Amino acid sequence: MVTFYRGSWCPYCNLQLRALQACLGEFNDLGAELVAISPQVPDDSLSKDEISQMAFQVLSDQSAKVAVEYGVAWEVPEYLVNHMKVDRGLDLEAINNGNGNVLPIPATFVIDRDGKVAWRFVDVDYRTRSEPADIIEALKKLA
């Protein structure tokens, strides 16, 4: 399983990661491993305490190459980059080590043993995320 999230600054992303962590035992029982990918600088995607509590890999895709490969890279319009920086105090360029105008669309993929996408959930509305129960059903179909 691969899940893309925008960063630790996104409360929806944090909720999603916690929900996935809560179901990790079920995912593992069905033969799945989880990898979470964010554009944030390594070790800043989550706090050290949060990382130590996660039982899955958290990786950084600062160049957005992996997000592009999965078709979930989104170029943030300049007015939103400015809004985030000025109004929300989020300097995406600093947070993402230089890449401040590309974020992943939050998405989750289930990859089969042959490396093919067997199930996906992608929604451009960053508030809408895959449900762990749906992921479990997808994994059961592969078992």
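How accessible is D91, as a relative accessible area? D91 comes out at 29%, which makes it partly exposed, where buried means under 20% relative accessible area, exposed over 50%, and partly exposed in between, with a 1.4 Å probe and protein chains only.

Some conventions before I go on. This is a predicted model, so local features need pLDDT of at least 70 and side-chain atom pairs count only at pLDDT 80 or more, while totals for chains, interfaces and linings use all residues. Residues are numbered from 1 along each chain as its sequence is written, and side-chain values use heavy atoms, with hydrogens and water left out.

Let me start with the charges. Side chains of opposite charge can pair when their charged atoms come close. My criterion for a salt bridge is a side-chain nitrogen of Lys or Arg within 4 Å of a carboxyl oxygen of Asp or Glu. That rule gives three salt bridges.

D91 takes part in one of them, with K85, and the closest N and O atoms are 3.9 Å apart. K85 is partly exposed, at a relative accessible area of 45%.

Another salt bridge joins D125 to R127, with 2.9 Å between the closest N and O atoms. D125 is partly exposed at 25%, and R127 is partly exposed at 47%.

Then there is K140 with E137, at 3.8 Å from N to O. These two are three residues apart in helix α7, residues 132-142, so about one helical turn separates them. On helices and strands: they are DSSP runs, H or I of at least four residues for helices and E of at least two for strands, numbered from the N terminus. K140 has a relative accessible area of 46% and E137 has 42%, so K140 is partly exposed and E137 is partly exposed.

R127 lies over the face of Y126, at 5.9 Å from the ring centre. R6 also lies over the face of Y126, at 4.3 Å from the ring centre. A charge sits over a ring here if NZ of Lys or CZ of Arg is within 6 Å of the ring centre and within 35 degrees of the ring normal.

Which charged residue is buried yet has no salt bridge? That is D61, and the nearest side chain of opposite charge, K65, is 8.1 Å away. For charge, Lys and Arg count as positive and Asp and Glu as negative, with His and the chain ends not counted. D61 sits in the loop between β3 (57-60) and α4 (65-69). Leaving out residues up to four places away in sequence, D61 touches I37, S38, P39, V66 and A67, contact meaning heavy atoms within 4.5 Å.

The loop between β3 and α4 also holds A64. Most residues other than glycine have a negative phi. A64 has a positive phi of about 65 degrees although it is not a glycine. A64 is buried, at 6% relative accessibility.

Now the aromatic rings. The whole structure contains four aromatic pairs, where rings of Phe, Tyr and Trp (its six-membered ring) pair if their centres lie within 6.5 Å, and planes under 30 degrees apart count as stacked, over 60 as edge-to-face and the rest as tilted. One of them is F4 with F109, which is edge-to-face, 6.1 Å centre to centre and 85 degrees between the planes. F4 lies in strand β1 (residues 2-4) and F109 in strand β6 (residues 107-111), so the pair ties together parts that are 105 residues apart in sequence. Both F4 and F109 are buried. With Y70, they form one aromatic cluster.

That brings in the strands, which I call paired if DSSP finds at least two bridges between them. β1 and β6 run antiparallel and are joined by three bridges, with T3 having T108 as its bridge partner in β6. β6 also pairs with strand β7 (residues 117-122), antiparallel, over five bridges. There, I111 has V117 as its bridge partner, and F109 stands opposite R120. β6 and β7 form a hairpin with five residues between them, and G115 in the turn has a positive phi of about 85 degrees. Four of the five residues of β6 are buried, so β6 is largely enclosed by the rest of the structure.

Last, A36 in strand β2 (residues 35-38). A36 is buried, with a relative accessible area of 0%. A36 and Q57 are 21 residues apart in sequence and 6.2 Å apart in space, C-alpha to C-alpha. Beyond four places in sequence, the residues that A36 touches include T3, Y5 and L17.
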